[in-house]
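Trainee: Could you take me through how backbone geometry and strand pairing are read from a model?

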Amino acid sequence: MELIKHWDAEDAREYGKKVMMVEHIMAETGLFTDEALAEMLDRHPSHLIDFQYVVNEPDYPDRQVTVDFSGADGKTMIAAAKSDLPIWINVREVMNRQPEYKKVLDQLHRELEAYTGKNNDRANCRGGILISSKSARTPYHADPTMTHLWHIRGHKKAWVYPKTPEFLPDEAYESIILGEVDEDMPWTSKLDEGAIVAPADLHGGELVLWPIRSPHRVENVTFCVSMVMEFSTKASAFTNAGMYMNGVLRRKYGKNPSWWNASPPEKFIKAIVGRAMLKTAGRKAFRRKDMVQYKLVQDAKNFVQAVAAPYERVH
Ligand SMILES: [Fe+2]
């Protein structure tokens, strides 16, 4: 059974260059039902599950904060995600680590390669499953890797924006590369006026792709399940290393560098130095602490309860 449907020649030519949508039938594998997902969550190591609650904060609407889910089973997590609460669960690397899911990931790679003629670096590809409630939102952000969003169940709305300095300021992107923030960037409703896609309705059975680093945000309409493929390419590793160096120059040495206006030789040197710095210091030096602000309580009427005092994530 082929999982990707209707991939035409134009899609192959435009792959990775513009926003595009392609149909698929991943739901038919049976691996994404409520029951299968609950069992998958029970099998998965908890350090690779991010269970988050979406809150509103000034300048960062729809910020995702960490929920401690230790002691709660997969069934409870799915029930919480099907409630009215704004819940967002990211099951990282499940497509790589659990054998039935890995079969699907491998098949998608084979089909993508056949359709696009491009050999994406499979070893690099991480596949995670996102399970989110009807009131969940994914805040305005940019991903430092190439991202394919395989939407499997439910209805979402997605906005995609250009990756110009106005929408993706160097400093905000550096924060992502340095690990100061997850991927969040400041957002105001004014940015929507310049969106490339504003908004697109996304239904289960649709794959959506956008050019690398294009900022985007998502609002759910119903309970949703998606699979996200993320992989770095030579070009993304180059940009990320160079912008890492710029981030350090700005934060530690008070400089005001610009990647957008940098010449090719400047980019080249910075990418080499940045790569070396990343190898030694990594993102740890700037990494923010992951603070738990809520607790998921099994069998409680209110699944998610605020903790008395925030504590660092250990689960
Ligand atoms: Fe994203």
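Predicted model: local features only at pLDDT ≥ 70, side-chain atom pairs only at ≥ 80, totals over all residues.

Trainee: Which residues are joined by a cis peptide bond?

Mentor: As a general idea, most residues other than glycine have a negative phi, and most peptide bonds are trans. Here a cis peptide bond links Ala 198 to Pro 199, with omega at about -25 degrees, and Pro 199 belongs to strand 10, which covers residues 197–203.

Trainee: Where is His 6 found, and is His 6 exposed or buried?

Mentor: His 6, which is not a glycine, has a positive phi of about 50 degrees, and it is found in the loop between strand 1 (4–5) and helix 1 (9–14). His 6 counts as exposed because it has 8 C-beta neighbours inside 10 Å, the cut-off for exposed being 12 or fewer. Glu 93 also has a positive phi, near 65 degrees, and lies in the loop between strand 5 (87–91) and helix 4 (94–97); with 16 C-beta neighbours inside 10 Å, Glu 93 counts as partly exposed.

Trainee: What is the order of the strands in the open sheet?

Mentor: Strands of a sheet pair through backbone hydrogen bonds, either parallel or antiparallel. In this open sheet the four strands follow the order 7-12-9-10, and the pairing is antiparallel. Strand 7 (137–141) and strand 10 are at the edges with a single partner strand each, so one side of each has no neighbour in the sheet. From one strand to the next, the twist averages 20 degrees.

Trainee: How many bridges pair strand 7 with strand 12?

Mentor: Three bridges pair strand 7 with strand 12 (residues 216–220) in the antiparallel sense, and Thr 138 has Val 218 in strand 12 as its bridge partner.

Terms used:
Residues numbered from 1 in each chain as written. Helix = DSSP H or I, 4+ residues; strand = E, 2+ residues; numbered from the N terminus. Buried ≥ 20, exposed ≤ 12 C-beta atoms within 10 Å, placed from the backbone. Pairing = 2+ DSSP bridges. Axes fitted to C-alpha atoms, helices over the stretch in contact; angles between N-to-C directions.
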